[in-house]
Amino acid sequence: MTPTETPQHLKPPVAAYRNLAVATVGFALTFWAWNLIAPLAGVFGSDLGLSSFAQSFLVAVPVLVGSLGRIPVGALTDRYGARLLFPLISALTIIPVLLVIPARHNFLAMIVVGFLLGLGGTTFAIGIPLVNSWFPPAHRGLALGVFGMGMGGVALSGYFTPRMAKHGENLPFIVVAIALAAYAVLAAVLISDHPDRKIPTTSLARRLGSAGRLRVTWELSALYAIGFGGIVAFGVYLPTYLKTWYELSPTDAGTKAAGFALVTVVFRPVGGWLSDRVHPAVVTSCALAVVAVFAILQAFDPQLNPMGTVCFLLMAAGLGTASGSVFALVSQVTPQPQVGSVTGIVGAMGGLGGFVPPLVMGAIYSAKDSYSIGFMLLSDLALAGCVYAYGRMRTIKAE
């Protein structure tokens, strides 16, 4: 190492890119499984005679469980490593995916299966500490953003799931189960933990308590609840919104929702890349300002083509950028042995940020026959996050 070549500027080893690629693929597959119910929510709702609120609750249950599950899974990753947990969680997710087939004609059974499907949403808390450990700080923002592209599993689900269902109502669940089984084997062979990974010796409860006592954990959680929570909320509810308000067919609604998700996927590494060059808090603030402006415009119910589409795509760009920049900030201010625990909490709050909006939107529409109030609430939250990120989070120095 030369005198000017500090550890943070070293080039990542080949193993870092291998782990990044395999983890991103696994993240995408498990997110597809996590989001299997949402693209078919209209079909399930018609078959089961569900109200708008009940349908929203059905698609929100996996989001809730997957979000809360990130807290223990992130702490377990600190202790046991991604080499064990990634293939294990992927294999276990096969069970609820297949259980959708016998459960699809009973609402209570679908709620139980949705609860179990939440397991697929926990892999985020496995991949972040894995990628964080392999990449030096100068390359970490972009690497974390690339891993975050795995949330494109929502776009894959939105596009392919309803199309597969046309060829057989059980086909999407069989295909995803086979893909998860193949990936679990692949991950067991190719994923490796960093040789210098620090293994905590304290208990799970103590590690979570220590992460929970960090002020920055909750500040980051609030910002991520707006950024990533917005992505998840649109991912699970946008097909229903487009079908209900703009009277699109389930296939067209799923396609447009997949386009929204694809834009968030593309802009997440952009947020990470920008955060390697500009303070992540500034990137977050600007991205949330974009979300606030176009949420207000969408609240006035413009025609879908072109104005509504423009609003959704630019909101997607802002939410994707903010999601990438927030986790670039996590990697800057969190001690390495606590990255998994903090990631679990922050990721959980982000997912919970996606649990509430579909319920709110469904309830508002049932009561007022309008979605405008929901979009105004989104703009208020985004504006609050914009101001807080710029005013407070810029003062946090990298550790």
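Predicted model: local features only at pLDDT ≥ 70, side-chain atom pairs only at ≥ 80, totals over all residues.
Let me begin with Gly 353, which is found in helix 15, residues 339-368, where helices are DSSP runs of H or I with at least four residues, numbered from the N terminus. Residues are numbered from 1 along each chain as its sequence is written, and side-chain values use heavy atoms, with hydrogens and water left out.

Gly 353 has a relative accessibility of 19% and therefore counts as buried, the term meaning under 20% relative accessible area, with exposed meaning over 50% and partly exposed in between, for a 1.4 Å probe and protein chains only. Leaving aside residues up to four places away in sequence, Gly 353 touches Ala 225 and Gly 229, contact meaning heavy atoms within 4.5 Å. Its C-alpha atom is separated by 24 Å from that of Leu 274, a residue 79 places away along the chain.

Let me turn to helix packing, where two packed helices are described by the angle between their axes and the distance between the axes. The axes of helix 1 and helix 4, the latter spanning residues 82-103, come within 10 Å and cross at roughly 20°; axes here are lines fitted to C-alpha atoms, for helices over the stretch in contact, and angles run from 0 to 180 degrees between N-to-C directions. Helix 1 and helix 4 are therefore roughly parallel to each other, given that angles under 35 degrees count as roughly parallel, over 145 as roughly antiparallel, 65 to 115 as roughly perpendicular and the rest as oblique. The residues that meet are Ala 23, Gly 26, Phe 27, Thr 30 and Ala 33 from helix 1, and Phe 86, Ser 90, Thr 93 and Val 97 from helix 4. By class, this contact of helix 1 with helix 4 has five nonpolar, four polar and no charged residues, where Ala, Val, Leu, Ile, Met, Phe, Trp, Tyr, Cys and Pro count as nonpolar, Asp, Glu, Lys and Arg as charged, and the others, Gly among them, as polar.

Next come helix 2, residues 41-48, and helix 3, residues 52-80, whose axes come within 10 Å and cross at roughly 130°. Helix 2 and helix 3 are therefore oblique to each other. Here Ala 41, Gly 42, Phe 44 and Gly 45 of helix 2 meet Gln 55, Leu 58 and Val 59 of helix 3, and the residues of this contact divide into four nonpolar, three polar and no charged.

What covers the buried residues of helix 7? The cover includes helix 1, helix 6, helix 12 and helix 14, and the buried residues themselves are Arg 140, Gly 141, Ala 143, Leu 144, Gly 145, Phe 147 and Gly 148.

Finally, some backbone details. Most residues other than glycine have a negative phi, and most peptide bonds are trans. The peptide bond from Asn 305 to Pro 306 is cis, with omega near 5°, and Pro 306 lies in helix 14. Glu 247, in the loop between helix 11 and helix 12, has a positive phi near 55°, and at 70% relative accessibility Glu 247 counts as exposed. Asp 301 also has a positive phi, near 55°; Asp 301 lies in the loop between helix 13 and helix 14 and, at 26% relative accessibility, counts as partly exposed.

Conventions: Helix = DSSP H or I, 4+ residues; strand = E, 2+ residues; numbered from the N terminus.
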